[in-house]
Amino acid sequence: MLTPSPQDLRAALARYADARIEDARRSTAATARAAEDAAYTLCVMTGSRAVPQALHVADTMLGMRTTVSPALRRPGGAPRGDSLQTA
């Protein structure tokens with residue numbers, strides 16, 4: 001499987017989220033189709049068969065860890081506060 005670039009994967013995730021929001025807001029045949037298309041694209045990009053799995057794989061591929069701004073780091077490089085980090 002080819003690995004998508006982080007930018008392409010983020011764009012696919014954003015497209016999927018936007019399509020789902022639009023379909024939930026005012027569902028039409030066009031918005032439902034857009035959501036299906038975005039889900040299909042996300043599944044293909046992640047090599048998954050279902051959207052929940054695709055979302056998990058995308059998170060893993062992007063290394064979804066909270067990044068800490070240099071302004072929030074302590075003088076030795078350690079982040080301030082445990083609430084800013086994710087496992």
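1. Basis. The structure is a predicted model, in which local features need pLDDT of at least 70 and side-chain atom pairs count only at pLDDT 80 or more, while totals for chains, interfaces and linings use all residues. Residues are numbered from 1 along each chain as its sequence is written, and side-chain values use heavy atoms, with hydrogens and water left out.

2. Overall composition. The protein chain contains three helices and zero strands, in the order α-α-α along the sequence. Helices (H or I, at least four residues) and strands (E, at least two) are DSSP runs, numbered from the N terminus. Of the 87 residues in the chain, 26% are buried; buried means under 20% relative accessible area, exposed over 50%, and partly exposed in between, with a 1.4 Å probe and protein chains only. Among contacts (heavy atoms within 4.5 Å) with a separation of 6 or more, 38% join residues 24 or more positions apart.

3. Nonpolar core. The largest nonpolar core has 15 residues, and those with the most contacts inside it are Leu9, Leu13, Tyr16, Leu42 and Val51. At least two of its residues come from each of H1 (6-25), H2 (29-46) and H3 (51-62), and H2 gives the largest share, six residues. Such a core is a set of buried Ala, Val, Leu, Ile, Met, Phe, Trp, Tyr and Cys residues joined through side-chain atoms within 4.5 Å. In soluble globular proteins, nonpolar side chains tend to be buried together.

4. Tyrosine 16. Leaving aside residues up to four places away in sequence, Tyr16 touches Ala35, Ala38, Ala39, Leu42, Val51 and Leu55.

5. H1 with H2. The two axes come within 8 Å and cross at roughly 155 degrees, which makes H1 roughly antiparallel to H2. Axes are lines fitted to C-alpha atoms, for helices over the stretch in contact, and angles run from 0 to 180 degrees between N-to-C directions. Angles under 35 degrees count as roughly parallel, over 145 as roughly antiparallel, 65 to 115 as roughly perpendicular and the rest as oblique. The contact residues divide into 12 nonpolar, three polar and six charged. For this division, Ala, Val, Leu, Ile, Met, Phe, Trp, Tyr, Cys and Pro count as nonpolar, Asp, Glu, Lys and Arg as charged, and the others, Gly among them, as polar.

6. H2 with H3. These helices pack at an angle of about 55 degrees, with axes 9 Å apart, and are therefore oblique to each other. H2 contributes Ala39, Leu42, Cys43 and Thr46 to the contact, and H3 contributes Val51, Ala54, Leu55, Val57, Ala58 and Met61. Nine of the residues are nonpolar, one is polar and none is charged.

7. H1 with H3. Here the axes come within 11 Å and cross at roughly 145 degrees. Pro6, Leu9, Arg10, Leu13 and Tyr16 of H1 meet Val51, Leu55, Ala58, Met61 and Leu62 of H3; nine of these residues are nonpolar, none is polar and one is charged.

8. Aspartate 37. Where does aspartate 37 lie? Aspartate 37 is placed in helix H2 and counts as partly exposed because its relative accessibility is 30%. Aspartate 37 and alanine 19 are 18 residues apart in sequence, with their C-alpha atoms 9.0 Å apart in space.
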